[in-house]
Amino acid sequence: ARNGACRYKIASIPGDGIGIEVVEQTIKVLRAIEAVFNSFTLDIDTLDWSSKRYLEKGEYIPADGWQRLKASDAILFGAVGSPEVPDDVSLWNLILPLRKKLNQYINLRPIRILPGLSSPLKNCANGDLDWVIVRENSEGEYAGQGGTTHDDTPNTIANEVAVFTRVGIERTMRFAFEVARERPRRKLTMVTKSNAQRYGMVLWDKIFYEVAKEYPDVETDKMLVDAMAVRMVLKPNTLDTIVATNLHGDILSDLAAALAGSIGVASSSSLDPTRQNPSLFEPIHGSAPDIAGLGIANPVGTFWSAAEMLRWLGECAAADLLLRAIETVTANGAKTKDLGGMYNLAQVTEAVIVEVKRSF
Ligand code: ATP
Ligand code: MG
């Protein structure tokens with residue numbers, strides 16, 4: 001930790017809807033981990049940055065917000081989104097500014113079928129789907145460049161400009177090759193649409209092959225995004241590490257999470273690999289207003305995110321213990337409704353805490 005030995009400052013942003021519920025339970029699990037290890041301390045600063053705050057005060061992030069975040073070692077995020085706020089407003093006022101200002105240019109999504117869960121795919125056993133998706137997180141189709149003319153007329157024109165830079169692509173490729181190299185299969189599949197998109201995507205292809213030369217021990221493979229969606233469904237066991245643009249990575253990782261059993265179990269890390277800013281850890285699901293407040297949300301995606309956060313902080317034994325505890329609990333059938341189980345949010349949390357204590 002930057003602030004002395006084994007003391008980590010965590011900024012917690014529960015956000016909206018089920019984000020509030022799953023983060024609350026995750027903090028209980030983190031407290032249990034902290035207690036059994038007794039070798040590190042988590043100082044958790046809970047921030048009320050939410051759509052509720054936006055509706056009351058006209059802002060998600062307060063004036064001193066950036067200072068508070070910059071002073072933290074990691075951010076645990078729930079979800080943002082509310083039926084009363086347009087989705088693009090909440091996204092562009094909270095999560096996208098965070099990614100940009102904190103230089104979180106990589107989004108990392110580990111995806112596998114947890115024990116006790118099953119894929120909606122026929123003939124897909126647990127070991128057949130074990131991927132890591134590396135998504136470019138700072139530019140591309142979500143660069144926010146463009147504009148409209150002739151507004152409110154029949155001739156309105158909207159431009160949405162995708163921006164790709166050599167720097168942005170190269171650092172993403174290097175990160176992806178490093179991830180692939182650490183995994184047993186050492187295989188990296190790059191996704192573009194370079195047949196139809198002639199500039200940015202062609203630059204992706206070019207830089208991929210350039211960087212590949214530095215990693216002769218990693219097997220490379222290139223796919224068009226449409227064919228990739230098909231391959232993920234039909235031949236999941238032929239894939240391992242995947243690198244894709246912001247938009248493609250976003251879509252493919254939701255598909256991947258669904259193929260692995262439920263979007264309720266998957267985690268997403270927005271990383272600043274330079275470590276000059278805190279990285280952010282969140283479940284991939286949203287605020288799920290349809291089940292908010294019912295106490296039935298699946299907390300596993302946020303637990304998994306907390307494990308990834310511990311790993312990023314260097315607490316690998318704690319991260320492994322938490323992941324094993326999650327796996328034991330799902331294997332034993334302690335599952336929420338979205339996974340076909342009978343447990344509620346609090347019961348799954350309790351089961352994980354019991355397992356953390358038992359297996360330490
Ligand atoms: P947002 O606008 O915040 O993205 P959303 O409703 O569009 O919210 P999700 O929150 O991702 O999108 O939810 C999609 C569906 O999946 C919803 O029907 C929701 O109930 C279900 N779901 C999402 N996350 C969970 C979870 N953790 N546990 C159980 N069900 C979930
Ligand atoms: Mg959504």
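Met 190 stands opposite Lys 222 in strand S9. Six bridges tie S9 (residues 219-224) to strand S8 (residues 187-192), and the two strands run parallel. Between them the chain passes through helix H6 (residues 200-212), making a right-handed β-α-β crossover from S8 to S9. The model is predicted.

**Confidence**
- The protein chain has a mean pLDDT of 95.
- In that chain, 99% of the residues reach a pLDDT of 70 or more.
- The ipTM is 0.94, and the pTM is 0.94.
- Where pLDDT is low, the predicted coordinates should not be read in detail.

**Overall fold**
- The protein chain holds eleven helices and twelve strands.
- Its C-alpha atoms fill a box of roughly 55 × 50 × 45 Å along the principal axes.

**Around ligand 1**
- The shell around ligand 1 consists of 18 residues.
- Gly 81, Gly 264, His 285, Gly 286 and Asn 298 come nearest to the ligand.
- By class, eight residues of the shell are polar, seven are nonpolar and three are charged.

Note on methods
Residues numbered from 1 in each chain as written. Chains lettered and ligands numbered in written order. Predicted model: local features only at pLDDT ≥ 70, side-chain atom pairs only at ≥ 80, totals over all residues. pLDDT = per-residue confidence, 0-100. Near = placed C-beta within 6 Å. Nonpolar A, V, L, I, M, F, W, Y, C, P; charged D, E, K, R; others polar. Pairing = 2+ DSSP bridges. Helix = DSSP H or I, 4+ residues; strand = E, 2+ residues; numbered from the N terminus. Right-handed = clockwise from strand over helix to strand, strands pointing away.
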